[in-house]
Amino acid sequence: MSTTPSTNGTVRAVFLDVDGTYADYGVVPDGHVRAVRAAREAGHRVLLCTGRPVAMLPESILAAGFDGLVASAGAYVEVAGRVLVDRRFPPDLAARTVRALDAHDAVYILEAQEDLHAPPAALERLRAILDAHFSQAPEGPVGASDIFDAVRPTLDRAEVAFAKVSVFDSPVSMEHLVREIGGAIAVVANSVADEGRHAGELYQRGISKADGVAAAIAHLGIDRQDTIAMGDGANDLEMIAYAGVGVAIEGSAPELMAIADRTAARPRDEGLVAAFAELGLI
């Protein structure tokens, strides 16, 4: 990877993780909104690249305006309103996943692009977990409502066509669940649930944010060397490694910091403003 993108008037594609990168506890700093708008006005393409599904992206996060998004950690890609990728769990894998989670009375959300689905009996525990996490935000638990209000209590969860599962609390480890479900299932850390809980995000093995980036830039006609990816979480590793320039947010996991070309300050310090300027985007 090069450490500096082209400065000869080349249009670049910028991919921004949401939680911990573009937003802090679901709240987007004003400086980040201005930076995104300025970069797009300069002719660059700016896209969100998040583990969240579309249904978990409220208007407060989308308000700056974006050229597209990679959602569900690469399982869904949309550019200028056109859906390029929409991968869901195959029916047999979906059924095994729901069956295993229900057998252990886990607190979870099935993440489809259109809706979020949760067991009705788990809603009270889910709200408590979300409130506890987002109450750490200076602005209060705004982000908790953005997620919880989008959740549908669903009885027939085996019929849901979902792209990913967020597990917020399980009596058994995520590794145990992965073994029990079997097949092409993998797990990555959950950025919302407390560290003391058995929690994580279940996804189809072999799908990553890098796949979403590749699909988006192929559609946009932008070279890989002219991409910039910014993130802070475990599901950002492939994206940071793939991009022409990878930017890790300060305080990210050591393995992410090790492969990044640059670092940026956290959202509370409006780190993307300085990063966009240094990279010649604004």
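Helices here are DSSP runs of H or I with at least four residues, strands are E runs of at least two, and both are numbered from the N terminus. The model is predicted: local features need pLDDT of at least 70, side-chain atom pairs count only at pLDDT 80 or more, and totals for chains, interfaces and linings use all residues. Residues are numbered from 1 along each chain as its sequence is written, and side-chain values use heavy atoms, with hydrogens and water left out.

**Stop 1: helix α3**

Select residues 91–103. This is α3, with 13 residues. From first C-alpha to last it reaches 18 Å, close to the 18 Å expected at 1.5 Å a residue (the expected span is 1.5 Å times one less than the number of residues).

Now colour by burial (buried is under 20% relative accessible area, exposed over 50%, partly exposed in between; 1.4 Å probe, protein chains only). Leu-93, Ala-94, Thr-97, Val-98, Ala-100 and Leu-101 are the buried residues of α3. They sit on the same side of α3 because they cover an arc of only 165° around the axis (taken from the directions from the helix axis to the C-beta atoms). Turn to the face away from that buried side: Pro-91, Arg-99 and Ala-103 are exposed there.

Step just past α3. Asp-105 takes a positive phi of about 55°.

**Stop 2: the strands under α3's buried side**

Show contacts (heavy atoms within 4.5 Å). The buried residues of α3 pack against several elements, including β6 (107–111), β9 (164–170) and β11 (198–204).

Select β9. Six of its seven residues are buried. β9 pairs antiparallel with β6 over five bridges and antiparallel with β11 over four (strands pair if DSSP finds at least two bridges between them). Pick Ser-166: it is the bridge partner of Ile-109, and it stands opposite Glu-201 in β11.

**Stop 3: aromatic pairs**

How many aromatic pairs does a search of the whole structure find? Three (ring centres of Phe, Tyr or the six-membered ring of Trp within 6.5 Å; planes under 30 degrees apart are stacked, over 60 edge-to-face, the rest tilted).

Select Tyr-22 and Phe-66. Their centres are 5.5 Å apart and their planes at 85°, so the pair is edge-to-face. Both residues are buried.

Next, Phe-89 and Phe-162. This pair is tilted: 4.7 Å centre to centre, 40° between the planes. Phe-89 lies in the loop between β5 (82–86) and α3, and Phe-162 in the loop between β8 (151–153) and β9, 73 residues apart. Phe-89 is buried at 5% relative accessible area; Phe-162 is buried at 1%.
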